[in-house]
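Visitor: Hi, could you walk me through this one? I'd like to start with what sits inside.

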Amino acid sequence: MTHFLDIHTTPAEDLQAIIRNGRAIKDARKGLPKGTPDADQPLANHMVALIFEKPSTRTRVSFDVGVRQMGGQTMVLSGSDMQLGHGETIADTARVLSRYVDMIMIRTFEEQTLLEMAEYATVPVINGLTNRTHPCQIMADIMTFEEHNGPIKGKKVVWSGDGNNVFASFAHAAKQFDFELVFTGPETLDPEPALAGLYTIERDPDRAVQGADLVVTDTWVSMHDPQSARERRHNQLRGYQVNDALMAKAKDDALFMHCLPAHRDDEATSSVMDGKNSVIFDEAENRLHAQKAIMRYCLGK
Ligand code: CP
Ligand code: NVA
C-alpha cells in the first residue's frame with residue numbers, strides 16, 4: 001500500500017519522480033479547457049473520497065478537478081456530516097470507506113487521525129493538511145520553484161513568520177531535496193522541536209533573507225490556532241512581514257511564495273504578493289498537477 005502521508009516518510013527518489021511527472025502532466029495539458037479528460041485516463045472506474053474537517057478552497061477544488069481529469073469520480077465529504085464527527089472511530093471509518101472507494105484524501109486536525117486512517121484503510125491515504133504538516137502544498141511549491149529558477153538543490157530558502165505546519169513540510173523537504181532552510185520569526189513561535197537539525201534560525205529578518213533564492217510566508221493564525229491568540233500573534237509577528245524592503249535584501253531573482261489563503265498586508269504586503277517576484281498563483285495551479293502525480297504514484301499508475 002502506497003500512502004502519501006508526509007515528505008520525510010516518502011523516499012527522496014519517489015519525490016523527485018513525482019515532481020518530474022507533475023511537470024509532464026502539466027505540459028501535456030497546456031492550453032486545453034480544464035474539463036478535457038487526460039489522454040490515458042489512469043483513474044478510470046476509480047472512486048476517490050475527499051474528506052474535509054477544516055475549510056478549503058485550493059485542496060478541495062484541485063483534488064476534485066484532478067481526479068475528474070484522470071477519469072475518476074469524487075465524493076467530497078465534510079467531517080461534521082460524517083459519523084466520524086459524531087463518535088465513530090477512525091479505524092472503523094477507514095475500514096468502511098475502503099469497501100466503497102479506491103483512495104482517500106483527508107484534511108484533518110490531529111496528525112493521529114491521518115495516521116490511524118492510513119493504518120486501517122486498505123486503500124491509499126493522502127494527507128491534505130493536518131495541524132502538523134501540509135506535504136501536497138510543498139510538492140507544488142518545489143515544482144513551482146524549479147519551473148522558474150531551476151533545481152532547488154543547494155538553494156537558500158527563507159521562511160519568515162510562524163513556525164507552523166507548512167513550515168514543517170518545508171523543513172522535511174529541505175532534507176529530501178537538499179536545500180538550505182532558514183527560519184526567521186519570534187522565539188515564541190519557533191517550529192516544533194522534532195524538526196531541529198533540518199533548518200537554522202536567524203532572528204533578524206533582514207539578515208536572514210540575504211542571499212535568499214526564495215522567501216516564503218504563511219498566515220499568522222492557522223485554522224487550528226485559537227482565534228483568541230490572534231492579537232498576541234500579530235504583535236509578535238509584525239516585524240516579520242514580507243514587504244518590499246525585505247524582498248529588496250534577497251537576491252534580485254528571489255521568488256516569493258505563500259500557500260494561500262493570505263491576509264493581505266499582514267504577513268505579506270499586496271505589493272509583494274502582486275509583485276514581479278511573486279509566484280503565488282503558479283503555486284496554486286501546481287497543486288493540481290503535483291497532486292495528480294501524487295495520486296498516480298499512490299495507485300501505481
Ligand atoms: N493552500 C491550501 O491548502 O489552501 P486551501 O486551504 O484553500 O485548501
Ligand atoms: N497554516 C495554514 C495553512 C492553510 C493552507 C493553516 O493550517 O491554516
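Visitor: Which residues in the largest nonpolar core touch the most other members?

Guide: This is a predicted model, and its largest nonpolar core has 78 residues. Ile104, Met139, Phe170, Val215 and Ile294 are the ones that touch the most other members.

Visitor: And which helix gives the most to this core?

Guide: That would be helix 6, residues 165-177, with eight residues. The core also draws at least three residues from each of domain 1 and domain 2.

Visitor: Let's pick Ile104. What is it in contact with, leaving aside neighbours within four places in sequence?

Guide: Ile104 is in contact with Ala49, Ile51, Leu97, Met117, Ala121, Val123 and Val125. In general, nonpolar side chains in soluble globular proteins tend to be buried together.

Visitor: You mentioned domains. Where do they run?

Guide: The domain assignment gives domain 1 as 12-133 + 286-299, and domain 2 as 137-283. Their centres, taken over C-alpha atoms, are separated by 25 Å.

Visitor: How many residues does the contact take from each domain?

Guide: It takes 21 residues from domain 1 and 16 residues from domain 2. On the domain 1 side, the elements giving two or more residues are helix 1 (12-28) and helix 11 (280-299). Helix 1 has the largest share of that side, six residues.

Visitor: What's that side like by class?

Guide: The side of domain 1 that touches domain 2 has nine nonpolar, seven polar and five charged residues.

Visitor: Switching topic: which residues does UniProt list for "binding site"?

Guide: The UniProt entry, which is unreviewed, lists Asn165, Asp218, Ser222 and Met223. They span 59 residues in sequence, but no two of their C-alpha atoms are more than 11.7 Å apart, so they gather at one spot.

Visitor: What surrounds ligand 2?

Guide: Around ligand 2 are Leu129, Asn164, Asn165, Val166, Asp218, Thr219, Ser222, Met223 and Cys259. That shell divides into four nonpolar, four polar and one charged.

Visitor: Is Asp218 buried or exposed?

Guide: Asp218 counts as buried, because it has 26 C-beta neighbours inside 10 Å and the cut-off for buried is 20 or more. It lies in the loop between strand 8 (214-217) and helix 8 (230-237). Not counting residues up to four places away in sequence, Asp218 touches several residues, among them Asp162, His258 and Glu267.

Visitor: And Ser222, where is that found?

Guide: Ser222 is also in the loop between strand 8 and helix 8. Ser222 is partly exposed, with 17 other C-beta atoms within 10 Å. Leaving aside its neighbours within four places in sequence, Ser222 is in contact with Asn164 and Asn165.

Notes. Residues are numbered from 1 along each chain as its sequence is written. Chains are lettered from A and ligands numbered from 1 in the order in which they are written. This is a predicted model: local features need pLDDT of at least 70, side-chain atom pairs count only at pLDDT 80 or more; totals for chains, interfaces and linings use all residues. UniProt positions are given in the numbering used here, feature names are shortened, and annotations may be inferred rather than shown by experiment. Helices (H or I, at least four residues) and strands (E, at least two) are DSSP runs, numbered from the N terminus. A residue is buried if 20 or more other C-beta atoms lie within 10 Å of its own, exposed if 12 or fewer, and partly exposed in between; C-beta atoms are placed from the backbone. Two residues are in contact if their C-beta atoms, placed from the backbone, lie within 7 Å. A residue is near a molecule or strand if its C-beta atom, placed from the backbone, lies within 6 Å of it. Ala, Val, Leu, Ile, Met, Phe, Trp, Tyr, Cys and Pro count as nonpolar, Asp, Glu, Lys and Arg as charged, and the others, Gly among them, as polar. A nonpolar core is a set of buried Ala, Val, Leu, Ile, Met, Phe, Trp, Tyr and Cys residues joined through C-beta atoms within 7 Å. Domain bounds come from an automatic or database domain assignment.
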